[in-house]
Amino acid sequence: PVCSMGNSTSRLYSALAKTLSSSAVSQHQDCLEQPDSAQLDPIDPKDLLEECQIVLQKRPPRFQRDFVDLKKNTASNHRPIRVMQWNILAQALGEGKDNFVRCPMEALKWEERKCLILEEILAYKPDILCLQEVDHYFDTFEPLLSRLGYQCTFFPKPWSPCLDVEQNNGPDGCALFFLKDRFELINSANIRLTAMKLKTNQVAIAQTLKCNETGRLFCVAVTHLKARTGWERFRSAQGYDLLQNLKSITQGAKIPLIICGDFNAEPTEEVYREFSSSSLNLNSAYKLLSPDGQSEPPYTTWKIRPSGECRHTLDYIWYSQHALKVNSALGLLTEEQIGPNRLPSFNYPSDHLSLVCDFSFNQDPDRLL
């Protein structure tokens, strides 16, 4: 059944191979509302990675991506905090609605695609993982990641487009995971974003954590703003609402902040300017990869739909620049690696690239405010 996934490596494959149907979801509501995976035996990440690689043996190997060192000769006396941001592509949308005209349906099979997603997460070993378009939380991500030592939180969209797809796996939403041996949860808020005082279909999770090693508090948030052209003012209003919520949660930036999200907005949009000019003193971590430190990457998503090729920068990791510094950031896939059919593909499970940064605390953040 759903909540019991075996307790040995030999049974991990059945954990990976199992996918709930929507009818199974309704049958297991009691199990889903209070997942009890914490009582199951821990999984060794190496064992899970091996199981994923067995499932993926007919697929091409993972792309090589390297971290770019951004430290300016400053020594830190604590381990960096690795944060991963990723829109993983909801399974129901990938198969049913998104119309990736150059991606074979075979490449989107969940049994294999979930292993590609897990392989990417296991490769980078984030301390904090922020995901969007999660529609397999209860049967895949919560059971497995909780056994890898993560505390897991999920907040679905009120009216998920996944529910329009036959044989869906329930609504998609945002999910936030952090390693329990590194952080203690102080406070958690599920935020339904508003626009012009109206509740919208977009959500965010914001959690205040205490770093066990340093005793420092910080807040991490994950969100996914409204998609599509023509909705720029709507996204701007959602961004404003999120910023107001985060100002309250961080006591006006007294608590350092990391915000991960698919903003569905290019850097030219108003919502981007709202975040970059906010009183929370935020900077976008991936700008630091550019030669002048001022330009976002050329793309974070690249796909081909019936309407044509879509190459955009939509995904960001924002951080409090007075209190945190970026030690390194994971380089993007090159155009050559992505290939002419773009994403997703047999090589890569989503139409969005994962972003990964290593952060450390500044020694004297108050002096820089």
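What follows is a short exchange about a predicted model.

Biologist: Which residues lie nearest the centre of the largest pocket?

Modeller: That pocket holds about 770 Å³ of space, and 32 residues line it. Elements giving two or more residues to the lining are β7 (198-211), α8 (232-249), β11 (301-305) and β12 (308-312). Nearest the centre you'll find K226, A227, R228, N264 and R305.

Biologist: Why is strand β3 said to be largely enclosed by the rest of the structure?

Modeller: Let's start with its partners. β2 (residues 81-87) runs parallel to β3, joined by five bridges, and β5 (residues 173-179) pairs with β3 in the antiparallel sense, also over five bridges. As for burial, β3 covers residues 128-134 and is largely enclosed because the number of its residues that are buried is seven of the seven.

Biologist: Is V203 buried or exposed?

Modeller: V203 sits in strand β7. Beyond its sequence neighbours, V203 has contacts including F155, C174, I191 and V222; L193, 10 residues away in sequence, is 5.4 Å off, C-alpha to C-alpha. The relative accessible area of V203 is 2%, under the 20% cut-off, so V203 counts as buried.

Conventions. Residues are numbered from 1 along each chain as its sequence is written. This is a predicted model: local features need pLDDT of at least 70, side-chain atom pairs count only at pLDDT 80 or more; totals for chains, interfaces and linings use all residues. Side-chain values use heavy atoms; hydrogens and water are left out. On a 1 Å grid over the protein atoms alone, a cavity is a set of points where a 1.4 Å probe fits but cannot get out, and a pocket is an open set with protein on both sides within 12 Å along at least five of seven lines; lining residues have an atom within 4 Å of a point. Grid points are joined across faces, edges and corners, and a volume is the space filled by probe spheres set on the points. Helices (H or I, at least four residues) and strands (E, at least two) are DSSP runs, numbered from the N terminus. Buried means under 20% relative accessible area, exposed over 50%, partly exposed in between (1.4 Å probe, protein chains only). Two strands pair if DSSP finds at least two bridges between them. Contact means heavy atoms within 4.5 Å. Lists of a residue's contacts leave out its neighbours within four places in sequence.
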